[in-house]
Amino acid sequence: MAFEFTDTNFQETALDQGGLSVVDFWAEWCGPCRLVGPIVEELAQEYDGKALIGKVNVDNHPEVSMKYNIRSIPTILFIKDGEVVDKHVGTATKQALTEKIDSYLS
Amino acid sequence: MSFFDDYNLKNLENLDLIAKQVVEGFIIGLHKSPFHGFSVEFAEHRLYNQGESTRNIDWKVYARTDKMFSKRFEEETNLRCQIILDASSSMYFPHISEASSRKLNKIRWSSLAAASLMLLLKKQRDAFGLSIFDDEVRQHTPVRSSTSHYQLLLTYLDRMIADGRTEKGTEAAKSLHQIADSIHKRSLVVIFSDMFDRLEQPEELFAALQHLKHNKHEVLLFHVVDKAREIEFEFDNRPYMFIDVETGEKVKVQPNDVKEIYTQKLKAFKEELHMKCLQYKIDLVEADIAKGFKPVLESYLIKRKRMK
């Protein structure tokens, strides 16, 4: 299972821990998010221990979404050592995401 | 069952109908729609901004969440495809008479393949144009994706099939140079030709193919052959009168006497063509007119996928 980021745990998990975090902003009613969702789940398993890959439900946790000014979903943020280093908006292929993650891990 | 039974080739006049049969059959055969990912795709929900068009608002989401989101779609990447047909006299081989049971020669086969390809392109909303050459460029249309354009191109193909004039030479090299210059850069160029253009001096032809690649076109070359006769040289061992349809020159020979040297020379040319295509990164597909159009559509789809 992909990690579940919330308004309360976001600071300590995604930002303070350092390393690479990949955050997928999604909502239940959003069709394209449901396309990206399973890919994020797979990536979370594959990169277990190397990067923290998880999701934020924008309906339940609006503060994080507000903070990063998320206006479109799905949006995937790549956070490295507390800084947003990349952002992907819209549907994405697994290959594209893998390439990005690999480039930030190396 | 022979391939010819699959399509209603009696009505060869109706290119559109046959192209439809070919394309639909092909799509059913694939089980999975090849169009997935080509058309406009719903990519994301975006917060609605005041003043934006209301057309794309997702009203279902609004009803459920009281939030206004617009649906955004991935931009359609349009492909431009120029289909180039060799209409020299050698393409009208084998000769089709009213009495013969044979229904396809190289030119008919190529026209059908081109029509099927155009239909597939039209379905995918890609733009396509048609160029026809023999000893010069006879027809050259810009690329469009409309149905009326498709119908117009079919009439050109029809006219070309009906034109059975002999002694039309091939100036493939010159024509390809001319076409290469007149089409938009980065197009997909699909060529149907038997490549019978001065087999002794293929350099010019290769230079023309290189020119296409130089203009950053992706090139798909269908080497159209009647394999049994032209490659394998399968004729009964009795005297035959061979006529060069492009020059009118006649030679009377016993097939078995020349078979070996003919097949050797042709093999050497084919190998050279193959090597050059590899070198220029041109996809070369040998298209035997005794087989179906599936390899044509498949090669196109593979190429299309790689171009995405």
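Chain A of this predicted model contains 4 helices and 6 strands. Read from the N terminus, its elements follow the order β-α-β-α-β-α-β-β-β-α. The chain has 106 residues, of which 53% count as buried. Among its contacts with a separation of 6 or more, 67% are between residues 24 or more positions apart.

**Helix α4 of chain A**

Helix α4 of chain A covers residues 94-105, 12 residues in total. Which residues of α4(A) are buried? They are L97(A), T98(A), I101(A) and Y104(A). Viewed down the axis of α4(A), these buried residues fall within an arc of 135°, and therefore line one face of the helix.

**The interface of chain B and chain A**

In the interface, 12 residues of chain A are in contact with 13 residues of chain B. About 1,100 Å² is buried between the two chains, and 51% of this area is on carbon and sulfur atoms. In chain B, the residues that lose the most area to chain A are E44(B), H45(B) and L47(B), which together make up 38% of what that side buries.

Polar contact between chain B and chain A amounts to 5 residue pairs, with both residues at pLDDT 80 or more. The side of chain B that touches chain A draws at least two residues from each of β1 (41-47), α2 (59-65) and β2 (69-74) of chain B. The largest share, 6 residues, comes from β1(B). The rule finds 1 salt bridge across the interface. In this bridge D59(A) is paired with K67(B).

**Salt bridges**

Over all chains the structure holds 14 salt bridges.

| Salt bridge | Closest N and O atoms |
|---|---|
| D59(A) and K67(B) | 2.8 Å |
| K94(A) and E46(A) | 2.6 Å |
| E44(B) and R72(B) | 3.9 Å |
| E230(B) and K106(B) | 2.6 Å |

K94(A) pairs with E46(A). This pair links helix α4 of chain A, which holds K94(A), to helix α2 of chain A, which holds E46(A), across 48 residues. K94(A) is partly exposed, at a relative accessible area of 26%, and E46(A) is also partly exposed, at 43%.

In chain B, E44(B) pairs with R72(B). E44(B) lies in strand β1 and R72(B) in strand β2 of chain B, 28 residues apart. E44(B) counts as buried, with 9% relative accessibility, while R72(B) is partly exposed, with 38%.

E230(B) forms a salt bridge with K106(B). Because E230(B) is in helix α7 (residues 227-231) and K106(B) in helix α3 (residues 106-123) of chain B, the pair ties together parts 124 residues apart in sequence. E230(B) is buried, with a relative accessible area of 6%, and K106(B) is buried, with 0%. In chain A, salt bridges with shared partners join E42(A), E46(A) and K94(A) into one network.

Note on methods:
Residues numbered from 1 in each chain as written. Chains lettered and ligands numbered in written order. Predicted model: local features only at pLDDT ≥ 70, side-chain atom pairs only at ≥ 80, totals over all residues. Heavy atoms only, no water. Expected span 1.5 Å × (residues − 1). Buried < 20%, exposed > 50% of the residue type's maximum accessible area, 1.4 Å probe, protein only. Arc of directions from axis to C-beta. Contact = heavy atoms within 4.5 Å. Buried area = accessible area lost by both parts, 1.4 Å probe. Salt bridge = Lys/Arg side-chain N within 4 Å of Asp/Glu carboxyl O. Polar contact = N/O pair within 3.5 Å; in protein donor to acceptor, adjacent residues only side chain to side chain.
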